[in-house]
Amino acid sequence: MKPHILFATLALGAIASLATTPVHAQDVCASFLCMAGKTQGKSNVPGCTTPVQAFFSPSLYIYDEEGVDWPATAMNREQWLSQCPGSQGKNSGTLAIIIAEYGTRASG
């Protein structure tokens, strides 16, 4: 196979995989930063629509026999945001505020 055909095939595959990336693989750090902004009253920050939607994605919900288990969902959201290195250390308080304010909500 010629190098330019191989490259084109790989590039198309990479683009296709981005289009079907699940919420857990999205940029969790963008979600952390945008949610931190929301806790400071900055609701309409350009570029934050998708990261905020990722935080509130139903794929992060935990369900029990009665429906959404909000305490477990908040813990799951916290674990998800904790994957961002910037959410740790001096920013762990910000993470706690995000979860306290938005962890048990269906939307922002």
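Predicted model: local features only at pLDDT ≥ 70, side-chain atom pairs only at ≥ 80, totals over all residues.
**View 1. The whole chain, before zooming in.**
The protein chain has five helices and two strands. (Helices, H or I with at least four residues, and strands, E with at least two, are DSSP runs numbered from the N terminus.) Follow the sequence along and you get the pattern α-α-α-β-β-α-α. Of the 108 residues in the protein chain, 29% are buried. Buried means under 20% relative accessible area, exposed means over 50%, and partly exposed is in between, using a 1.4 Å probe and protein chains only. The protein chain exposes about 6800 Å², and carbon and sulfur atoms supply 62% of that area. Those accessible areas come from the Shrake-Rupley method with a 1.4 Å probe, and for residues only the protein chains shown count as cover. Now look at contacts, meaning heavy atoms within 4.5 Å. Among contacts between residues at least 6 apart in sequence, 60% join residues at least 24 apart.

**View 2. Helix α4 from end to end.**
Helix α4 covers residues 70–81, and at 1.5 Å a residue its 12 residues should span 16 Å; the end C-alpha atoms are 16 Å apart, which agrees. (The expected span is 1.5 Å times one less than the number of residues.) At the start of α4, a side-chain oxygen of Asp-69 comes to within 3.2 Å of the backbone nitrogen of Ala-72.

**View 3. The two faces of α4.**
Which residues of α4 are buried? They are Thr-73, Ala-74, Asn-76, Arg-77, Trp-80 and Leu-81. Looking down the axis of α4, its buried residues fall within an arc of 160°, so they line one face of the helix. (The arc is that of the directions from the helix axis to the C-beta atoms.) Their cover includes α2 (28–39), α3 (49–55), β2 (67–68) and α5 (92–102). On the face turned away from the buried side, α4 carries the exposed residues Pro-71, Met-75 and Gln-79. Pro-71 has 56% relative accessibility.

**View 4. Helix α5 and its buried side.**
In α5, Leu-95, Ile-98, Ile-99 and Tyr-102 are buried. They cover an arc of only 100° around the axis, which puts them on the same side of α5. What covers these buried residues includes α2, α3 and α4.

A disulfide is a covalent bond between the sulfur atoms of two cysteines; here, a pair of cysteine sulfur atoms within 2.5 Å counts as one. The structure holds two disulfides. In this one, the sulfur atoms of Cys-29 and Cys-84 are 2.2 Å apart. The link is right-handed, with 110° about the S-S bond. It joins distant parts of the chain, 55 residues apart: Cys-29 is in helix α2, and Cys-84 is in the loop between α4 and α5. Cys-29 is partly exposed at 23% relative accessible area, whereas Cys-84 is buried at 3%.

**View 5. The disulfide of Cys-34 and Cys-48.**
Here Cys-34 is joined to Cys-48, S to S 2.0 Å. The torsion about this S-S bond is about -75°, so the disulfide is left-handed. Cys-34 lies in helix α2 and Cys-48 in the loop between α2 and α3, so the pair ties together parts that are 14 residues apart in sequence. Cys-34 is buried, with a relative accessible area of 8%, and Cys-48 is buried too, at 9%. Number the bonded cysteines in sequence order and the pairing reads 1-4, 2-3.

**View 6. Back to Val-68.**
Is Val-68 buried, exposed or partly exposed? Val-68 is partly exposed, with a relative accessible area of 28%. Leaving aside neighbours within four places in sequence, Val-68 is in contact with Tyr-61, Ile-62, Tyr-63 and Thr-73. Val-68 and Thr-104 are 36 residues apart in sequence and 9.5 Å apart in space, C-alpha to C-alpha.

Terms used: Residues numbered from 1 in each chain as written. Heavy atoms only, no water. Polar contact = N/O pair within 3.5 Å; in protein donor to acceptor, adjacent residues only side chain to side chain.
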